[in-house]
Amino acid sequence: MEAFPIPCNVFYDVTMSVDSLLPVAAQEPSAAFSSLTPVHDAVKAHGWWRSAVIYQIYPRSFRDLNGDGVGDLAGITAELPQLAELGVDAVWLSPFYRSPQRDAGYDVSDYCDVDPLFGTLADFDALIAEANRLNLRVIADLVPNHSSDQHIAFQAALTAGANSPERDMFIFRDGQGPDGNEPPNNWQSHFGGSAWTRISEPNGLPGQWFLHLFDSSQPDFNWDNPAVHAEFERVLRFWLDRGISGFRVDVAHALVKAAGLPNWGGRADGNSSDGFPGQDAPMFGQPALHDIYRRWRSILEEYGPDRILCAEANVDPLPRLAQWVRPDEMHQAFNFPYLHAGLDVNRLRHIITDSLLSLDAVGAPSTWVLSNHDVVRHVTRFGYDGPGPRDGDGIGPDDAQPNEDLGRRRAAAATMFMLGLPGGAYLYQGEELGLPDSTNIPGTMRQDPTFARTGGARIGRDGCRVPLPWRSAEPHCGFGDGLDPWLPQPESWPALARDKQEVDPASHLNLYREMLAQRAAHRLGQGSLAWVEDYCTGSSLAYLNGTTLVIMNVGTDAMPLPAGQTILRSSAAGTGAEQPGADQPGTDQLGADQLGSGETIWLTAS
Ligand code: BGC
């Protein structure tokens, strides 16, 4: 029984026939392009998530209604109409649970309560009610690999002593060496340093070590223990009962570790490196994970067919990632190989083909994404011509700085290319405003544990987490009218504020609105894909989705467009004087037969 009715999106009305789910284009193939070989056929299966655009909200940086300098749930509720109007189908909320905030909420001390920083359970219920009113679904972030060291279960484990059931909720081991003063194995934390921390036993003596793949304040749960399974099933039901439409599952590839916790000869944090694919790492991708997700899927299905699981699973290669989304497991898995491909058209083509073939084989959609709260925003990544920043490491004031206008132009092109693809897509808050990373946050204000754990060698992820600019003339650009925001906003924020962009037809925001409207109108998310070889050069990529022809030019020169097609939208068309990136001509200046450098276009193929 659903506690809150979930509104039905008309595109997925189950009363519609299967044929009516086919894109308009698939019913009217165009003569000129009908001989192309499809890599992926139009979707016939039901499921709102298969083509949904889901907008990630990072609550501490979205909107601060109570003036404490940190965003809150009431602030999200107040601005939800803006997201409905933007044209997204759902929102994903990064963690808002009780937490000491050592990793911005990914260190949870109570999974079934709202942190007072963000509000109350009543605020959460109000948010769901408003989302329902606006036909927006809400997905929560579930953090099952680790808790906070302040979680009641970890505190109990510390006082209970070795070999107790309390310690068995986490991964405690004796150390190596005569005094046990060496960590149990060589694993490294993702945030730098050892993945093990030694505790003092209740008698005050140095004791066992506990595993934390992330910060030392984030102890890993022991998923070999059925009590951990039971606890998370309770958590799932708690939020499903409150009307949540599903969960993005944090580090979904890491919960189960290989028996014996063997040393690992690859990159010590388990990520892929040359010669040592992450797929073999003992802390990732263990077969027993799949039983967990099958069980969770069955719990979600007790609530009907519309509740979903999305894996944050850093798994490669793509056919292996497809195992996460088999029919009885998760519904979606972020396509991180796509995010990491940058603007390398050969790599993009290979990844898109591989994704669609691998995922079609298990009946799952691909889930495209370009930015999130862990990586440098794509406006900034694409603002480098040479090697840019290593993903996730961030950019500081002493690093080479990006060309922001170039990056914004290319980001618009990359997003338009992505939103034309069949499947679902995730957007990260602020990308619709063309926000860049903030690259000059002083070290003293940095909050990402990566910065402290590496002594500043890795800058960390704060740059992509800066509070949003809503209204240019208000204090803190309308983020909140009280205390200073928890991270400083760059000087460029007023010019990029939402209210300024709303009234500028050539703004990044209006480009996003139009892309989402056209994507829905042409049912691109449910559509097909065939490569159009004539426009796949070393510096451009083109595909046909139904009757929509999408071409992206990442080369330095303009390229000819096919004759006689109707332009639906260009990523640079309408570029006004104030539009960042306007220094390069777009299709409207070049003429309808040319596609500018760093530009994507949607045409109606006829
Ligand atoms: C989240 C990060 C977080 C980490 C530990 C992830 O992959 O996206 O923001 O720091 O998990 O929970």
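**One loop and its surroundings**

Gln101 sits in the loop that runs between E4 and E5. Helices and strands here are DSSP runs numbered from the N terminus, with H or I runs of at least four residues for helices and E runs of at least two for strands. The model is a predicted one, in which local features need pLDDT of at least 70, side-chain atom pairs count only at pLDDT 80 or more, and totals for chains, interfaces and linings use all residues. Residues are numbered from 1 along each chain as its sequence is written, and side-chain values use heavy atoms, with hydrogens and water left out.

The backbone of Gln101 has a positive phi of about 65°, although the residue is not a glycine. Gln101 counts as buried because its relative accessible area is 17% (buried is under 20%, exposed over 50%, and partly exposed in between, with a 1.4 Å probe and protein chains only). Ser109 belongs to the loop between strand E4 (97-98) and strand E5 (110-114). Ser109 is also buried, since its relative accessibility is 19%. With residues up to four places away in sequence set aside, Ser109 touches Arg98, Ser99, Pro100, Ser148, Gln150, His151 and Ile152 (a contact means heavy atoms within 4.5 Å).

Next, the ligand. It is surrounded by 13 residues, and the closest are Asp103, His146, Asp250, Glu312 and Asp374 (a residue is near if one of its heavy atoms lies within 4 Å). By class, this shell holds 7 charged, 4 nonpolar and 2 polar residues. In that scheme Asp, Glu, Lys and Arg are charged, Ala, Val, Leu, Ile, Met, Phe, Trp, Tyr, Cys and Pro are nonpolar, and the others, Gly among them, are polar. An oxygen atom of the ligand lies 2.6 Å from a polar side-chain atom of Asp103. For Asp250, a side-chain N or O atom is 2.8 Å from an oxygen atom of the ligand. For His373, the distance from a side-chain N or O atom to a ligand oxygen is 2.9 Å. On its own the ligand has 310 Å² of accessible area, and the protein covers 97% of it (areas come from the Shrake-Rupley method with a 1.4 Å probe, and for residues only the protein chains shown count as cover).

Another loop holds Glu201, between strand E8 (196-200) and strand E9 (206-211). Glu201 counts as buried because its relative accessibility is 15%. Beyond its neighbours within four places in sequence, Glu201 is in contact with Gly161, Ala162, Arg167, Gly207 and Gln208. With Arg167 there is a side-chain to side-chain polar contact of 2.7 Å. Polar contacts are pairs of N or O atoms within 3.5 Å; within protein, one atom must be able to donate a hydrogen and the other to accept it, and residues adjacent in sequence count only if both atoms are side-chain atoms. From Glu201 to Ala160 the C-alpha distance is 8.9 Å, across 41 residues of sequence.

Thr159 is part of helix H4 (residues 152-160). Thr159 is exposed, because its relative accessible area is 60%. A polar atom of the Thr159 side chain lies 3.1 Å from the backbone oxygen of Ala156. Thr159 and Asn203, 44 residues apart along the chain, have C-alpha atoms separated by 9.4 Å.

Two other backbone features can be listed. Arg523, in the loop between helix H15 (508-521) and strand E15 (529-531), has a positive phi of about 50° and is not a glycine. Arg523 is buried, since its relative accessible area is 13%. The peptide bond from Asp316 to Pro317 is cis, with omega near -5°, and Pro317 lies in the loop between strand E11 (308-311) and helix H7 (318-321).

For the whole protein, there are 16 helices and 21 strands. It has 606 residues, of which 61% count as buried. Among contacts between residues at least 6 apart in sequence, 71% join residues at least 24 apart.

Confidence comes last. The mean pLDDT is 90, and 89% of residues reach 70 or more (pLDDT is the predictor's confidence in each residue, from 0 to 100). Over residues 1-29 pLDDT stays under 50, and the model has 59 contacts beyond four places in sequence for them. Residues 574-582 also have pLDDT below 50, with 17 contacts beyond near neighbours in sequence. Where pLDDT is low, predicted coordinates should not be read in detail.
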